[in-house]
Amino acid sequence: MFERHARLAQAVLVVVSLLVGYILIEAGYRLYLYRHYTVQPGYLVMTTDVPPVATTFGRPGSVFGLFAAGKPFTLTIYAPDGTMFDRHRVPVNNLGWVSEFDYARRKEVSEYRIAVVGDSLTASINNSQPWPDVLQRRLNEDKPLLAKLGVRRISVLNLGVAGASMGMMANPLSVIARRFSPDLLVVNFIVEDLPRPYADDYAKVPDDPTPTPPDIASESEIKPPYVKVDGLQIPLSCSSQPEVLSNPDCKVSVMWYVPKETVFDRDAINHIKFHAAKQIVWHRVMLSKEPLVLRQLMGRAIIQQATTDLPAPHLLSVKRDEEERARAIAVLKFIQSIHPNTLVLHNPLYPHLKGETYIHGVTLASDLDPLMEEARKSGVSITRMERYMPVEKGEREWTRWYNLPNDGHWSNYGAEVYAAAVQQVIEQRLLSGRK
């Protein structure tokens, strides 16, 4: 009897020891999460003085973009350490697209129209001079080209959307482009777009309504879920329901709406980040009844760090396999099926100019060359745009093309350089007799 009680006591002791050990591990892990996501919230932040709106973007028959029509906004960008490094005005036209030029659904008889679809490198909200606008000005200065085409003017429509995947470039962007009746469609992508998730139903295009809906802005202010810090509503970005702090699929948005003329110093930005993160950690960690260590071991998200749509390692696949390339080529073939005159451009990022990518040890050649070769076999030609840029000027010049070191998008100077390169490619296409 004594021995049986002794064995039972030993068993209980083992169980209690394991339980206490797990509790200590769980407590230590939760402390780590607190420090990692609250004490060190190092991410880029952008603020806008025009509140986000829901538009008819993507609806059948609509030609509207994502922004409030005719309402340019001031974008202020803060580096991950909280210091402000850029502040500029973003032009927004009558249809809610980033451009200083207004767009019309109906094309004039004497107009040659080019539509450009792409991601944030096309959308150009990270500088005050969208390169499609620069391209339009440059093309219209070429009088021999206008005479060759027999038109009075050339319009370039910027239909880029930040964060767009290859699938989104097909639908809704290329579908929207078709409603503008372009003579040429330009697909401007980066190889980093390939792994961005999208549904495979992009080819399912519903019929546009009859009659065509009027091009009158119908907008309502978006009220995203938020955390409140010092009276400021910091939006949450959620990829699943419910949109609450305890949902692991919700994270702090990097785009904040602030009153006009609001500018933060470094301490203020970091203060807001800290307290926004603290609220998330409290709900996601301190109040969680789940065993977070086990959740982590199962590969399930606990807290997602705020991220931007910039080309960055967290957006990239370590290995871009055949399936990923095949999906991209299928997208490009679909776009060509609805726009017979399509030009596909690969937009270089700063690492690309050095033959690298944003993944350590992965070269541009190993990423891009297989895609270009397989695309060629499928009847899709991809143009590498760095071959039309003055790369021979060297790395010191290249750094001026982008908003480095904090932002990998085009600078105003880079917009001029890239527009000049795209102009060369387009003029080669048009002057060769292909309209």
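What share of the contacts in the protein chain between residues at least 6 apart in sequence join residues at least 24 apart? The figure is 74%, with contact meaning heavy atoms within 4.5 Å.

A word on ground rules: this is a predicted model, so local features need pLDDT of at least 70 and side-chain atom pairs count only at pLDDT 80 or more, while totals for chains, interfaces and linings use all residues. Residues are numbered from 1 along each chain as its sequence is written, and side-chain values use heavy atoms, with hydrogens and water left out.

The chain holds twelve helices and 14 strands; these are DSSP runs numbered from the N terminus, H or I over at least four residues for helices and E over at least two for strands. Of its 435 residues, 51% count as buried. Buried is under 20% relative accessible area, exposed is over 50%, and partly exposed sits in between (1.4 Å probe, protein chains only).

Take helix α5 (residues 166-179), where Ser174 is placed. Ser174 is buried, at a relative accessible area of 0%. Leaving aside residues up to four places away in sequence, Ser174 touches Val117, Met169, Leu185, Ile335, Ile338 and His339.

Now for the partner helix. α5 packs with helix α8 (residues 322-338) at about 5 degrees, their axes 9 Å apart; axes are lines fitted to C-alpha atoms, for helices over the stretch in contact, and angles run from 0 to 180 degrees between N-to-C directions. That makes the two helices roughly parallel (under 35 degrees; over 145 is roughly antiparallel, 65 to 115 roughly perpendicular, and the rest oblique). On the α5 side, the contact uses Met166, Gly167, Met169, Ala170, Ser174, Val175 and Arg178, and α8 brings Ala328, Val331, Leu332, Phe334, Ile335 and Ile338. By class, that is ten nonpolar, two polar and one charged residues, where Ala, Val, Leu, Ile, Met, Phe, Trp, Tyr, Cys and Pro are nonpolar, Asp, Glu, Lys and Arg are charged, and the others, Gly among them, are polar.

Helix α3 (residues 131-140) is mostly covered, with eight of its ten residues buried. Those buried residues include Trp131, Asp133 and Asn140. They pack against β5 (111-118), α2 (120-123), α4 (143-149), β6 (153-160), β7 (184-189) and α12 (412-431).

One runs from Thr210 to Pro211, with omega near 0 degrees, and Pro211 lies in the loop between β7 and β8. Another joins Gln241 and Pro242, with omega about -5 degrees; Pro242 lies in the loop between β10 (232-238) and β11 (250-252).

The loop between β7 and β8 (220-221) also holds Asp201, which is partly exposed at 41%. Asp201 and Asn171 are 30 residues apart in sequence and 8.9 Å apart in space, C-alpha to C-alpha.
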